[in-house]
Amino acid sequence: MGNADTKLHFRKAVIQLTTKTQPVEATDNVFWDQFWAECSIAVQDVFALVPAAEIRAVREESPSNLATLCYKAVERLVQCADSGCPSEKERQIVLNCTRLLTRILPYIFEDADWRGFFWSTIPGTKKSGSLDEDADENEARPLAESLLLTVADLLFCPDFTVQSHKKNNPDASEEMRSIDSCEYIWEAGVGFAQSPPPNYIHDRNRTELLKLLLTCFSEAMYLSPSSETQVLNPWVSFFCSAENRHALPLFTSLLNVVCSYDPVGYGIPYNHLLFSDYREQLVEQALQVLIVTLEHETGSAVSAALQALDSSSSNPSEELEPAGPDNLFVNYLSRIHREEDLSFVLRGFAQLLNNPLIQTYLPRSTKKIHFHQELLILFWKFCDFNKKFLFFVLKSSDVLEMLVPILFYLNDARADQSRVGLMHIGVFILLLLSGERNFGVRLNKPYTLRVPMDIPVFTGTHADLLIVIFHKIITCGHQRLHPLFDCLLTIIVNISPYLKSLSMVAANKLLHLLEAFSTPWYLLSAPQNHNLVFFLLEVFNNIIQYQFDGNFNLVYAIIRKRNVFHQLANLPTDEASIQKTLQKKKNKSGISRLNSTDGESMEGSRPAAPAEPGTLKATLEATPGIDKITEKSQVSEDGTMIALPRSSSPATPPHRGAINGASDTESNSERDSEVFTRSQTSRSRISSLSSTAAWTANSGWMLSWKSRLPLQTIMRLLQVLVPQVEKICIDK
């Protein structure tokens, strides 16, 4: 049968279904088999030949026919899974049913009256839709459970999605129920040593089934936000429960496929243009399934991450328990502990995240992946659910292999409002890492890579790179990044006691930020803006107290910009001056008005692209206060969490002994945590901007925070050094 005839027969079957006004009996196998048993239809053809309008029409005018179609498709999948798909025809039936359900399910979910359909049993079917033969005879599985269990079975079906272990007797099909799927894990890595031979047909079939799984899980997308935050996704909950006997091998397979993927391969130029890479499609689907199944509460990944961090403030000891214990995927992830497994996962993340940064002499000669945002979300989940992994990352030299691509993506997305979610997850990861001493010490390693970014050319360390990019985000980003300013500065505060020698470029960027944030009208424009000045002053104080000897560039920049500190110390607080400042015409913001020229950018860089038309409606929950999204605990040597005491006073001056030996390069995870604690817990931010409109600055409010400005250390430095520097200038 030719391809045109196949499409024609399938289209005729669809037309028959949409035009029939009377219900078609479920026993009419001749009619239903037209959709999956008589032809092979490509996935793009299924989407083209089954239009959305016709699916909705059947749903409204012949609901029983749509229900029967879904039931019969699931029934055929169950039958094929039971038999082990020994023939090519059965494997094609599985693919056809999978593609058809992938096409139809979204139109089931979008109608509130249909959402319970898959969670109901079909009257009179009893056990026909169930894979569990030992269940109560009076109890039939809901259609959703049968579908999920069948897909899980099919993902470990010999000669269909995995390599068969039986070589000699092809007639003896392996009994699906007796298969130990742990022997059929897709790739070597965590918990599995053998790497099966590559088979692009198996990869393609796995990808089809994972797409169906993602479609099943997508029901949460069609719920209103109010209900979404209260109800767990039943599809994910069941699939990740003990009911799924393949949960462990499937989790391991998905993780190993992602972390072992090498997009470059042998490095032959332009090989990705000559050959199709089915493994890349599988990796992307596996990554998305992992992210969704590890979402033990519905909602966006970032909102769940914020909720997880927020809950830690009530009882820090709860961090020891894996979140969502009923979710086996979360449970398994939290229990990964072997050094070789943690190293394998971290190397996989670093290799994939650095892939788009690869530079070659031949343009576009190397394959570039595009699922870096999903990789960052999965990395966040690993750090959040597995504290041993977080500690391993922090003590590993590979942490800088994670830092550079994260900074690259932050810089690239800063002007695109549609990628504000990427900005949030990247900043939150760096905020989490910056809380540990090892991270700050590692940043002193010289930055020798030349990743093309539109930032000033500089010679310095990874800390300089971080500060320069954060300055670029603050001064050249869009308005929706303002809630992240305190997070960005908190990261700099956390690492500041360990920065041995800032470059002149980075030092000038820090002074420029202080100059921008300390302008009177900016301080008076919102009730929380003065906190940004506190952050920057704390950065300067930490560097002066703990790393003074090597930071001559910063000290010189402070001396050059000493008028900024004098203006801060002499900031008028009387009502007349406040009103005069507020009534001045604000043509430009303090940041853009003081925006410095960055000079020459790196070779090969391109400016950050703004959002494409029609993509500006990306939504994200409001960012909570900095004290709500930072840990109240610290990772110890063995990977457990130690609760940190909360600071009672927001103006506690830095104690010199708190960072005893901070300049030492040796790792000591149980160092004094006062700097991190102080920057995290001592400031309460007003997270809601709705009250800003009704708020007006007054003298009492200004005095309340101006008296707490930590200017003593800097003023003493200026008092001692300025006359000496002036004398040197006069003499020479």
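I start with the aromatic rings. This is a predicted model, and it holds 27 aromatic pairs. Take Phe-156 and Trp-186: the ring centres are 6.1 Å apart and the planes stand at 40°, so this pair is classed as tilted. Planes under 30 degrees apart would count as stacked, and over 60 as edge-to-face.

Where do Phe-156 and Trp-186 lie? Both are in the loop between helix 7, residues 143-154, and helix 8, residues 200-217. The two residues are 30 apart in sequence, so the pair ties together separate parts of that loop. Are they buried or exposed? Phe-156 has a relative accessible area of 1%, so Phe-156 is buried. Trp-186 comes to 2% and is buried as well. The cut-off for buried is under 20%.

Next, Trp-521 and Tyr-522. Here the ring centres are 6.3 Å apart and the planes are at 85°, which means the pair is edge-to-face. Trp-521 has a relative accessible area of 17%, and that counts as buried. Tyr-522 is at 10% and is likewise buried.

There is also an aromatic cluster. Its members are Phe-109, Trp-114, Phe-117, Phe-118, Trp-119, Tyr-222 and Trp-235.

Now to the helices. In total, the secondary structure of the protein chain consists of 33 helices and 2 strands. I picked one helix pair to show. Two packed helices are described by the angle between their axes and by the distance between those axes. For helix 16, residues 339-354, and helix 19, residues 399-413, the angle is about 35° and the axes are 9 Å apart. The crossing of helix 16 with helix 19 is left-handed.

Which residues make that contact? From helix 16 they are Leu-346, Phe-349, Ala-350, Leu-353 and Asn-354. On the helix 19 side they are Glu-401, Met-402, Pro-405 and Tyr-409. Sorted by class, this contact has 7 nonpolar residues, 1 polar and 1 charged.

Last, the chain as a whole. The protein chain has 732 residues, and 55% of them count as buried. It exposes about 32100 Å², of which carbon and sulfur atoms supply 52%. If we take contacts between residues at least 6 apart in sequence, 80% of them join residues at least 24 apart.

That is what I had to show. Questions are welcome.

Definitions and conventions:
Residues are numbered from 1 along each chain as its sequence is written. This is a predicted model: local features need pLDDT of at least 70, side-chain atom pairs count only at pLDDT 80 or more; totals for chains, interfaces and linings use all residues. Side-chain values use heavy atoms; hydrogens and water are left out. Helices (H or I, at least four residues) and strands (E, at least two) are DSSP runs, numbered from the N terminus. Buried means under 20% relative accessible area, exposed over 50%, partly exposed in between (1.4 Å probe, protein chains only). Contact means heavy atoms within 4.5 Å. Accessible areas come from the Shrake-Rupley method with a 1.4 Å probe; for residues, only the protein chains shown count as cover. Axes are lines fitted to C-alpha atoms, for helices over the stretch in contact, and angles run from 0 to 180 degrees between N-to-C directions. A crossing is left-handed if the near helix is turned anticlockwise from the far one by less than a right angle, and right-handed if clockwise. Ala, Val, Leu, Ile, Met, Phe, Trp, Tyr, Cys and Pro count as nonpolar, Asp, Glu, Lys and Arg as charged, and the others, Gly among them, as polar. Rings of Phe, Tyr and Trp (its six-membered ring) pair if their centres lie within 6.5 Å; planes under 30 degrees apart count as stacked, over 60 as edge-to-face and the rest as tilted.
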